[in-house]
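Thanks for coming. I will take a few minutes to go through one structure, starting with the chain and ending with the ligand.

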Amino acid sequence: MALLSRYGDKAKLIAGGTDLLVDMKNEKINPQYLISLMKITGLSYIAEEGDVLRIGATTTLRELEESQIIEKRYGLISKAVKCLGTVQIRNMATIGGNICNAVPSADLPPALVALNATLKIVGPNGERTMPLEDFFAGVKKTKLSVGELLKEIIVERPPARSGTAFIKLSRTAEDLAIVNVAVRITLNEDDTCREARIVIGGGVGPTLIRSREAEKLLLGKKMEEELVKRAAEVACTGFSCRPTSIRASPEYKAEVGRVLVKRALLEALKKAGGVVEDDERN
Ligand SMILES: Cc1cc2nc3c(=O)[nH]c(=O)nc-3n(C[C@H](O)[C@H](O)[C@H](O)COP(=O)(O)OP(=O)(O)OC[C@H]3O[C@@H](n4cnc5c(N)ncnc54)[C@H](O)[C@@H]3O)c2cc1C
């Protein structure tokens with residue numbers, strides 16, 4: 001914290017460096033000082049306390065991938081991590097870097113927003129918390145103030161009768177997403193939808209998108225295939241992707257988004273114990 005306040009704008013934090021060093025080599029940024037977080041051992045942990053999971057910001061993606069707690073009880077994080085980059089990248093890359101780099105095609109933020117994650121941020125004036133959903137301010141922009149850093153990610157265990165799904169479409173296995181979708185649903189006793197969170201990433205806008213309108217459509221209703229299809233259409237309307245996006249056109253992203261959201265909702269429904277009409281064609 002002292003170094004951050006001493007060097008201000010002239011310094012950049014570095015964790016695994018898998019985003020930062022690429023930007024430096026491409027001369028997109030040229031910081032005078034790098035402040036490494038990787039030897040601060042207190043920033044790297046995966047701790048479960050009751051129904052709450054706490055992940056230190058410099059925990060590597062490989063550590064997340066290998067965690068039994070995450071595999072067993074937070075399958076959505078596990079699925080998103082396994083879709084991210086290569087083992088070599090995951091050995092270096094951190095969860096904090098994936099969030100703070102703030103690219104709209106990153107894989108962990110949609111999964112974490114679907115799980116209603118909260119961030120613990122530390123700065124010169126102490127600690128504050130913020131829902132991850134409110135953290136992004138645009139492409140490569142966050143709501144961190146000068147001198148602040150991300151310390152911890154807090155995730156609550158999904159309630160009973162919940163199901164989750166993460167689906168990513170990318171050009172190659174290790175590439176950033178063309179579109180990625182994370183959903184979490186919770187059912188009532190009578191199989192109607194109690195809660196739904198639908199989050200879409202992959203550069204479909206300057207930040208990821210949470211489709212509250214599509215979620216509202218599902219609330220209190222049985223998630224039959226027609227309704228799920230309608231929700232997927234609503235969720236994928238009004239994307240504001242750049243027409244110059246190198247990975248796919250806005251039209252393609254919307255089209256494929258509809259298919260992925262529908263598939264993700266049906267997969268989550270199945271995991272929540274709901275009845276799913278299987279239709280492989282869709
Ligand atoms: C070949 C390759 C493939 C990749 N594939 C994928 C992919 O499939 N999906 C995907 O999502 N990403 C992918 N990435 C991007 C990258 O690996 C991830 O975003 C990674 O998680 C970044 O973490 P890091 O620790 O390396 O961050 P760094 O590069 O160290 O930092 C990234 C940014 O976050 C800031 N920062 C880091 N930690 C903190 C903190 N605790 N508090 C405040 N600011 C912080 C840094 O200052 C910097 O601006 C890929 C990268 C490469 C090179």
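Into which domains is the chain divided? There is domain 1, residues 2–156, and domain 2, residues 162–271. Before going further, please keep in mind that this is a predicted model.

The C-alpha centres of domain 1 and domain 2 are 23 Å apart. Where the domains are in contact, domain 1 contributes 23 residues and domain 2 contributes 23 residues.

There is also a record to mention. An unreviewed UniProt entry annotates residues 1–160 as "domain: FAD-binding PCMH-type". In the model, residues 1–160 are 32% helix and 26% strand.

How many residues surround the ligand? The count is 31, and the closest are L13, T18, D19, L20 and T94. By type, the shell is made of 16 nonpolar, 9 polar and 6 charged residues.

Next, the elements behind that shell. At least two shell residues come from each of β1 (11–14), α7 (95–100) and β9 (149–156). Of these, α7 gives the largest share, with 4 residues.

Let me go through some side chains by distance. In D19, a polar side-chain atom is 2.5 Å from an oxygen atom of the ligand. For T18, an N or O atom of the side chain is 2.6 Å from a ligand oxygen. For K12, the corresponding distance, again from a side-chain N or O atom to a ligand oxygen, is 3.4 Å.

As for cover, the ligand on its own has 990 Å² of accessible area, and the protein covers 89% of that.

Notes:
Residues are numbered from 1 along each chain as its sequence is written. This is a predicted model: local features need pLDDT of at least 70, side-chain atom pairs count only at pLDDT 80 or more; totals for chains, interfaces and linings use all residues. Side-chain values use heavy atoms; hydrogens and water are left out. A residue is near a molecule or strand if one of its heavy atoms lies within 4 Å of it. A polar contact is a pair of N or O atoms within 3.5 Å; within protein, one must be able to donate a hydrogen and the other to accept it, and residues adjacent in sequence count only if both atoms are side-chain atoms. Accessible areas come from the Shrake-Rupley method with a 1.4 Å probe; for residues, only the protein chains shown count as cover. Ala, Val, Leu, Ile, Met, Phe, Trp, Tyr, Cys and Pro count as nonpolar, Asp, Glu, Lys and Arg as charged, and the others, Gly among them, as polar. UniProt positions are given in the numbering used here, feature names are shortened, and annotations may be inferred rather than shown by experiment. Domain bounds come from an automatic or database domain assignment. Contact means heavy atoms within 4.5 Å.
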